[in-house]
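Here's a quick briefing to read alongside the model. Have a look at the structure first, then work through the points below.

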Amino acid sequence: MPSPSLAIRESPGLYKAQGSLIIAEPMKGVSYGEVVEVLLGTGDTRLGQVIDVGKDAVVIQVFGGVSEVDMHYSRIRYRGEALKLPVGIDMLGRIFDGLGRPIDGGPPIVPEDYQDINGSPLNPASRLPPSEFIETGISAIDGLNSLVRGQKLPIFSGSGLPHNRIAAQIVRQARVRGKEEKFAIVFAAIGVSYDDAMFFIENFKRYGALENTVAFINTADSPVIERIAVPRVALTAAEYLAWNHDMHVLAILTDMTNYCEALRELSAAREEVPSRRGYPGYMYTDLATIYERAGRVAGKKGSVTQMPILTMPDDDITHPIPDLTGYITEGQLVLSRQLWLKGIYPPFDILMSLSRLMKDGIGEGKTREDHRGVFMQLYSAYAEGVKLRELAVVVGTEALSPRDKKYLEFADRFEKEFIGQGEYERRTIEETLDLGWELLAILPEDELKHVKEEHIKKYHPKYRKKKS
Amino acid sequence: MVVRGRVYRVSGPLVIAENMRGSKVYEVVEVGPERLIGEIIGVEGDKAIIQVYEDTTGLRVGDNVVGTGYPLAAELGPGLIGSIYDGIQRPLPILEELVGFFIKKGVKAAPLPRDKKWHFIPLVRKGDKIEPNDYIGYVQETETVKHYIMAPPNVHGVIEDIVPEGDYTITDPIARIDGKELVMLQKWPVRKPRPYKEKLEPTEPLITGQRVIDFFFPLAKGGKAAIPGGFGTGKTVTLQQLTKWSHVDIAIYVGCGERGNEMADALHSFRKLVDPRTGKPLVERSVFIANTSNMPVAARETSIFLGATIGEYFRDMGYHILMVADSTSRWAEAMREISGRLEELPGEEGYPAYLGSRLASFYERSGHVVTLGKPERRGSLTIIGAVSPPGADFSEPVTQSTLRIVRALYALDVNLAYRRHYPAINWLTSYSLYVDNVTSWWHKNIDPEWRSLREKALAILQKEAELEELVRLVGAEALPEEDKLVLEVARMIREDFLQQNAFHEIDTYCPPRKASMMMRAILLFYDLGLEAIQRGVTVEKIREMKSRARIARMKEIPNKGFEPYFEELYKFIRDEYSKLIEEVHVYA
């Protein structure tokens with residue numbers, strides 16, 4: 001990345017190169033966190049960053065690894081500043097590598113500014129609580145796990161599950177009702193296969209979204225250590241578009257599991273005391289510096305909404321990666337292998353999924369007055385149904401009471417009709433809620449404790465039919 | 001003597017400086033050209049180990065390190081109420097004015113406004129003898145908070161001069177004691193507990209408006225409690241509910257290493273919501289400390305101690321304070337990170353061996369005390385800490401260390417949360433050691449039979465847990481009628497009593513008397529049900545009763561003047577049972 005700097009100095013001596021780290025001779029004026037170029041004997045250069053500086057040595061983490069580094073010919077060139085990304089409105093429609101260099105054959109962008117990829121923490125007192133409902137057209141999200149502008153809502157998936165298709169569907173369909181505003185998609189592929197990356201790019205192209213998209217691609221065969229930078233580079237672009245160009249940005253980061261693996265590799269190279277499963281103890285904080293770069297602020301029109309995607313190793317939600325992510329993000333959309341095997345798309349595991357910011361984005365004036373009640377009722381009814389389904393396996397359906405059988409019927413139809421929908425089907429929030437009422441009508445009316453009585457009179461199919 | 005040294009090494013938030021002879025552990029230092037705030041956490045020879053409370057990117061070997069000679073201290077005085085601070089007490093709204101909505105490093109601002117004038121009313125006269133913590137006067141800081149100006153804990157002597165009632169800033173002299181000028185502003189080191197005369201055993205419950213806590217697992221004023229829970233179990237909502245509705249004079253909310261949007265939500269909702277007891281916005285009795293997860297790690301520790309110090313300061317005025325810390329696990333992780341960088345020998349799961357003692361030093365700052373100073377007064381600081389166990393596994397070190405210290409546990413249960421049973425406090429694993437302490441208060445002020453109602457309800461829930469195992473084997477219909485009724489009533493207790501909707505305009509807060517009357521309705525339904533079964537009524541008939549739906553809607557009964565509703569409900573239940581029994585006997 002070309003960026004102007006007056007403080008370039010070179011250091012000759014290396015002590016050690018191993019894994020992704022170089023330990024170099026100390027040099028006066030080297031600053032913590034600054035970017036270096038590693039000049040190889042072959043004439044190539046690699047980017048790196050100072051991660052420990054002392055009077056005895058300088059430790060450098062090299063993006064791209066230390067292959068071909070030797071003790072004799074290699075040089076370290078200190079750039080005197082942190083890693084910065086050239087940013088500009090020109091980035092829209094372009095495809096970059098993980099460090100922000102164009103890889104689509106086009107010219108370099110005309111930078112309006114250079115920004116530190118680590119960003120700065122948003123002042124909590126300046127944030128506005130997210131509350132604008134985003135209609136994705138997917139019932140399981142809109143009805144039960146509503147997404148709002150400025151939220152970070154990850155998809156927890158497993159290998160082989162259709163998370164990419166769902167993310168693409170959300171990108172195609174998402175809109176804020178009644179508003180035409182500038183929007184952009186920032187897409188970061190972190191260590192995913194070339195096919196997966198191209199699936200998204202093709203999708204954006206086909207639906208005319210590419211001109212509103214900035215893509216950063218680090219495929220599975222790109223240097224592992226570069227993955228540490230990709231999400232930060234992408235979010236720097238997202239923040240620039242949101243705060244400097246008033247755009248509503250949806251950032252999709254896939255796959256965060258690869259990011260965490262890279263972090264673990266780096267931590268091991270630094271010989272740090274590992275925490276759970278070998279991941280570093282600071283992984284929570286490190287992930288937070290990525291995920292927290294979402295939100296809305298007072299006095300700015302734009303917003304950054306994040307949808308990270310991660311695959312849970314062995315579908316285990318208690319694995320450190322989904323676990324720490326869930327502690328930072330405002331909810332999670334969990335995919336279920338069981339539903340997927342039943343042929344249900346999108347296979348959202350409703351009981352495990354959650355949107356924490358939903359409460360501020362729904363209700364009268366935002367979606368519909370009965371939304372909260374319907375959501376709670378569908379949820380608890382489905383939970384009851386699933387519990388009874390397990391029971392029925394042991395004692396047989398015949399041993400269940402008539403009430404219980406109603407719940408079983410409800411759970412089955414809920415999965416097929418409410419959760420299940422077409423990949424190209426877009427349901428409005430009214431359609432989603434009405435569908436919910438249709439299903440709730442299976443249950444006896446006095447079981448509907450979570451919905452207000454006045455809403456039952458207004459929306460329950462039984463009374464609606466009477467009126468019409 | 002000011003110590004001036006130079007940076008020797010930088011590794012993340014940890015800086016080692018040389019030439020630091022003369023510096024003390026826990027002394028605050030300023031590091032580098034941007035004068036980043038740091039704290040010395042160890043000294044060795046002429047080297048000092050410093051944890052820096054701001055981002056260290058850009059620091060160089062050889063940069064200046066300047067000692068201040070003082071430990072990290074909180075500024076205390078009028079202006080605290082309604083404030084929003086970061087972990088080192090920088091006022092966040094002022095930072096926004098200075099540098100915009102991103103927090104930049106090296107920004108400095110005074111925690112308390114220096115130019116604002118407060119209307120001070122003296123309470124002492126010239127010639128009065130003053131002991132530490134005596135009231136000197138007061139400032140009506142908000143409509144609900146009378147901010148007493150006290151003699152600092154290290155000041156005593158005779159008042160030589162006192163200003164008349166009038167408007168003064170916090171740095172204007174208001175009195176002279178033995179030649180020393182006294183101002184309203186006090187400073188107190190955050191790691192040092194403020195002194196008091198005597199610690200008392202807590203006897204009064206801290207009413208929170210949350211049924212499961214008030215009725216089943218009461219908290220006491222001056223108590224300490226922990227809320228562990230995996231992600232998605234509603235930890236933050238529960239904590240916010242406690243901060244909002246607890247019967248305290250001042251609430252301190254510490255967001256330590258948690259989400260920015262949640263903090264924003266808390267700030268906004270505290271401005272909008274009204275305290276049911278005073279009718280004033282909640283923000284007028286609250287202090288916020290926000291050090292979100294992406295803000296510098298080292299400041300998580302100070303945010304916790306800063307909260308406790310502010311809490312003790314108001315306690316010393318004779319107030320009841322609640323401090324919640326969300327989440328102590330993030331603080332423990334920060335300790336682990338610093339400890340790892342210091343290359344200390346790790347304890348369990350990489351946490352330092354002093355994890356337990358450090359946690360204890362925080363929770364031990366709670367208590368119901370007789371304060372120092374005249375007039376004699378009592379105040380309390382109650383501390384509730386959230387714990388975020390990885391993978392919702394309570395056997396991990398932070399949860400276990402915390403359990404050894406606290407006296408009430410509200411265990412949040414993932415499975416309850418999946419069923420959307422909120423608050424997801426598990427009634428079988430949670431406990432409170434304050435039950436005995438608060439019994440006489442409950443019996444005197446709320447319900448003379450509270451203890452027996454509570455025990456009966458818990459017994460029903462316990463029985464349900466046992467029966468459920470049986471049901472899994474034989475099915476519910478195979479149970480005897482009495483047990484079927486237990487299952488039915490247990491479900492009522494769970495759904496119609498324990499579940500409480502934080503977002504429902506009425507149900508979000510439940511007065512203890514109403515909670516007690518609700519429980520009485522459910523237990524009446526149970527007792528009469530048992531009687532009816534003995535007289536030949538089946539549970540199937542009982543399930544069809546209209547009383548059930550009425551009980552399910554009890555939560556929506558207004559919080560004022562509810563007694564007649566309940567009297568009417570009890571009558572309704574009795575009448576319906578009588579009719580049921582009559583029917584059975586007519587057919588027989």
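Thr257(A) counts as buried because its relative accessibility is 7%, where buried means under 20% relative accessible area with a 1.4 Å probe, protein chains only. This is a predicted model, so local features need pLDDT of at least 70 and side-chain atom pairs count only at pLDDT 80 or more, while totals for chains, interfaces and linings use all residues. Residues are numbered from 1 along each chain as its sequence is written, chains are lettered from A in the order in which they are written, and side-chain values use heavy atoms, leaving out hydrogens and water.

**Around Thr257(A)**
- Thr257(A) sits in helix α5 (residues 256–269) of chain A; helices here are DSSP runs of H or I, at least four residues, numbered from the N terminus.
- Leaving aside residues up to four places away in sequence, Thr257(A) touches Leu310(A), Thr311(A) and Ile321(A), with contact meaning heavy atoms within 4.5 Å.
- A polar atom of the Thr257(A) side chain lies 2.7 Å from the backbone oxygen of Thr311(A).

**Helix α10(A)**
- Of the 25 residues in α10(A), 18 are buried, so the helix is mostly covered.

**Where chains A and B meet**
- In contact are 79 residues of chain A and 77 residues of chain B.
- Tyr32(A), Tyr327(A) and Lys449(A) lose the most area to chain B on the chain A side, together 12% of what that side buries (buried area is the accessible area, 1.4 Å probe, that two parts lose on being put together, summed over both).
- The interface has 8 salt bridges by the rule, which asks for a side-chain nitrogen of Lys or Arg within 4 Å of a carboxyl oxygen of Asp or Glu.
- Arg9(B) forms a salt bridge with Asp52(A), and their closest N and O atoms are 2.6 Å apart.

Key
Helix = DSSP H or I, 4+ residues; strand = E, 2+ residues; numbered from the N terminus. Buried < 20%, exposed > 50% of the residue type's maximum accessible area, 1.4 Å probe, protein only. Polar contact = N/O pair within 3.5 Å; in protein donor to acceptor, adjacent residues only side chain to side chain.
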